[in-house]
Amino acid sequence: FLGEQCCTMKILTLLSLLATHLSASSVNIEENAGQFFSSGHTNNWAVLVCTSRFWFNYRHVANTLSVYRSVKRLGIPDSHIVLMLADDMACNHRNPKPATVFSHKNMELNVYGDDVEVDYRGYEVTVENFLRVLTGRLPPSTPRSKRLLSDDRSNILIYLTGHGGNGFLKFQDSEEISNVELADAFEQMWQKRRYNELLFIIDTCQGASMYERFYSPNLMALASSQVGEDSLSHQPDLAIGVHLMDRYTFYLLEFLEDIHPSSKANMNDLFKVCPKSQCVSTPGHRTDLFLRDPGSALITDFFGSVRKVEITMETINLTEPIQQVDGSVSDGSSVVPPGVHR
Amino acid sequence: GCPKDDFQEELVIRPLHSGDIYASFQFRTLWETDFMRGNKVSHYRLFPKSLGQVISKFSVRELHISFTQGYWRTMQWGQPFLPSPPGAELWVWFQDSVTDVDGTWKELTNVLSGIFCASLNFIDSTNTVQPSASFKPLGIGNVTDHRFLRYATLPREIVCTENLTPWKKLLPCGSKAGLAVLLKSEKLFHSSFHSQAVHIRPVCQDWQCKTTSWELRQTLNVVFDLHTPGQGKLEWSLFKMFSRTLTEACPLASSSKIYIDITDDPQGEQFEVSPATHLLSQAMVLGDRRTFSVYDLTQQITFGTVRSLNLLIRWKSRDMLRPLLHAERYVAGYGLQTGEIHTLMYNNHPYRSFPVLLLDSVPWYLRLYIHTLTVTSKGKDNKPSYIHYQPSKDRVRPHLLEMLVQLPPNSVTEVTVQFERALLKWTEYTPDPNHGFYVGSSVISSLVPSIVAMDTNSTREQPLFSSFFPCKEESSYFMRVYTEPLLVNLPTPDFSMPYNVICLTCTVVAVGYGSLYNLLTRSFQIEEPSPGLAKRIANIIRKMRGVPPL
């Protein structure tokens, strides 16, 4: 009677709900597959360079090591990081706490850590070695850990810090690299298809002059100060006796400490790091050469090594072109393996 | 079947006369395999793959590399188990099948610089030498053609956590289990002396040497300063030294032991070790019979009910055996043109004399005048019985001087040689040339007469610290002493000079030439002084009226 009618009604509603849910989820799978192919990179590299020598430039080594620490925490392994430190601060005889490099006063955070691999150190950090690493033109006996083995699907993060001026960056107080040389090196990288997208961050005085001359596609640049301005250091530690960090990188580190591998924060948030009230200088950025919208580029696209893994039991037809999120069409020639783990 | 491999780990703790404490770690992997045969070895278990590939690719017979921070003070601390010079030292014996030894050496240094995160790629022909007598192979093999030996030091090389990290990753248990958990960089580098080394050589497995295996020893020597932690008491514990205690042995180790040197006080009056142990061991090391308390970490009972081992060592005072051989070196002279290197070798044995081999490798920019070489003992000339000298070539190779000198008993032998400093090309200076330039340590190798009879049976089960140097005869033992490295100033140009010269010259030219030009081309005109206010107003009125001005 009524009970049976109720039951069939219930079954019918349940079935219809299930049907709509299935169709909806299949649409989601297509969307997810589209998102899967939206960012073009498959691996991440980082080149982190500190160009200053001598004990009073402790803060430049601390800058570089804090970016190194964040990048490692977000997933890029040591084999994909080229770390260049022009002088040794941790085991320097002036360091009251050996094997440590601190970024906050009162010695809160040791950015040197227990598991660090420096690829180029001391006198090896020269303009020539830096350009050779970028362009890949190294002598044949160079070991793998000292090479940037990127390909055309690599996203590279390049971070430079030290003393600079209008159009140049000083290496070890004895030579300089100019913004023209840097732009040409990036063009060489583009011609040799050595990067997919490149994020360039520089923390020096008049840092914006270093990205003025870029002309290769898919470059995004950030600097800690404009032309004519000095980047200032943050705070000294009275026990160690030197300034520990530069302001821009200090607030950058604070920002990155909140980022975790599944974070959806994008580049527009990065541009807001360290406004003039905190930095005293005006940080700048350049996105005209970047082909995507910066709002769609995630922080983890450059700072982390996030593998896009989606586990699905559904089958997706990849022979037909998949509509990507931003409208362009990608040719789905690869297959999503089910159940893949990192 | 599968080639046999074996891993042993050991820690020796020796309290020193000055109150400091000396800890020496040794990790040894033995592997019965042949890297030199045609088929490549592909299955690695305990032996690290990166080093195995280095041995087979570069046809290495023996490899010894050490990284040291600090200088070993022989007079205060006695003799180390494994000596090493400050900075980085690398010496390699290649197989006799290698045709281009120099090319292979260059590639090997580059690969090692990647493995150990050190700038070993700065080793080139200007700091590499081929010693003829000082560095004989420590493993088996009869090849003594020194064309296959290369030796280089980098006295400027620093050691820090970035060198310790890859060194720890070579161990079978990593730094996760066994004695390696004690290796924390914040404590290890806050010390008076830190040295980590890797030694690879082929050894015999048995008395007749029918089977050979490859031995890899990773050693770490550290001396902790009494006054660093803030208290002056002669009391040390594992936790105070390493900020860790031990909870287990490395599961892959066949033997995992701690030895504490209690020789001076076996009854426990001056000296106290807790937790107490009844295991004792005696070993002949460095010409002396020493007694050790042994803690076996493979036995669960060692860790007690708390499942953790923290050894506490307390002592009141300690005598030290006066070292029989030690050396010093310094630069004498004044100015930046010439100087003199003095090397002093002390023989403290009361009645025995013995010969020592002195090896000096001096960079080419210190031009040695070998005709001024003098060797004097007790004020009299002491002629060396063997001298091997290879002169330097500018920018190609350094000086090599090897001498066999007989040291009379209870004496000081002084070796002096004068040198002249060269002026380098301006591109050859380092970014900080006013720091100075380093000259590597001298190496003094010798067979020192021993008080007790040494054990010549090398394949008997011995603790690792006493079985490193092979012992061929009973009455003496092998010892190697390193002197201090030298830091010399070379005449350094003023690198800001070109900028200053340009500024000065342009100023002089601008002021001098400009003034002259003005004098020559300026023409003078006489000008009427300007009239007063009343006259000017009158002139304006006159102009309006059309009348000539005043």
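In this predicted model, A:His163 is partly exposed, with a relative accessible area of 28%. You'll find A:His163 in strand β5 of chain A, which covers residues 163-165. Its side chain makes a polar contact of 2.8 Å with that of A:Asn57, and A:His163 also touches, among others, A:Arg59, A:His60 and A:Thr204.

A:Cys205 sits in the loop between β8 and β9 of chain A and counts as buried, at 18% relative accessibility. Residues touching A:Cys205 include A:Gly164, A:Ser225 and A:Asp230.

Now for the charged pairs. Over all chains, the structure holds 34 salt bridges. Here are three of them:

| Pair | Closest N to O |
|---|---|
| B:Lys184 and A:Asp114 | 3.6 Å |
| B:Glu157 and A:Arg121 | 2.5 Å |

B:Glu157 is in the loop between β6 and α4 of chain B and A:Arg121 is in strand β3 of chain A, so that pair joins two chains. B:Glu157 is buried at 10%, and A:Arg121 is buried too, at 5% relative accessibility. Salt bridges with shared partners also link A:Lys72, A:Asp78, A:Asp115, A:Glu117 and B:Lys169 into one network.

Terms used
Residues are numbered from 1 along each chain as its sequence is written. Chains are lettered from A and ligands numbered from 1 in the order in which they are written. This is a predicted model: local features need pLDDT of at least 70, side-chain atom pairs count only at pLDDT 80 or more; totals for chains, interfaces and linings use all residues. Side-chain values use heavy atoms; hydrogens and water are left out. Helices (H or I, at least four residues) and strands (E, at least two) are DSSP runs, numbered from the N terminus. Buried means under 20% relative accessible area, exposed over 50%, partly exposed in between (1.4 Å probe, protein chains only). Contact means heavy atoms within 4.5 Å. A polar contact is a pair of N or O atoms within 3.5 Å; within protein, one must be able to donate a hydrogen and the other to accept it, and residues adjacent in sequence count only if both atoms are side-chain atoms. A salt bridge is a side-chain nitrogen of Lys or Arg within 4 Å of a carboxyl oxygen of Asp or Glu. Lists of a residue's contacts leave out its neighbours within four places in sequence.
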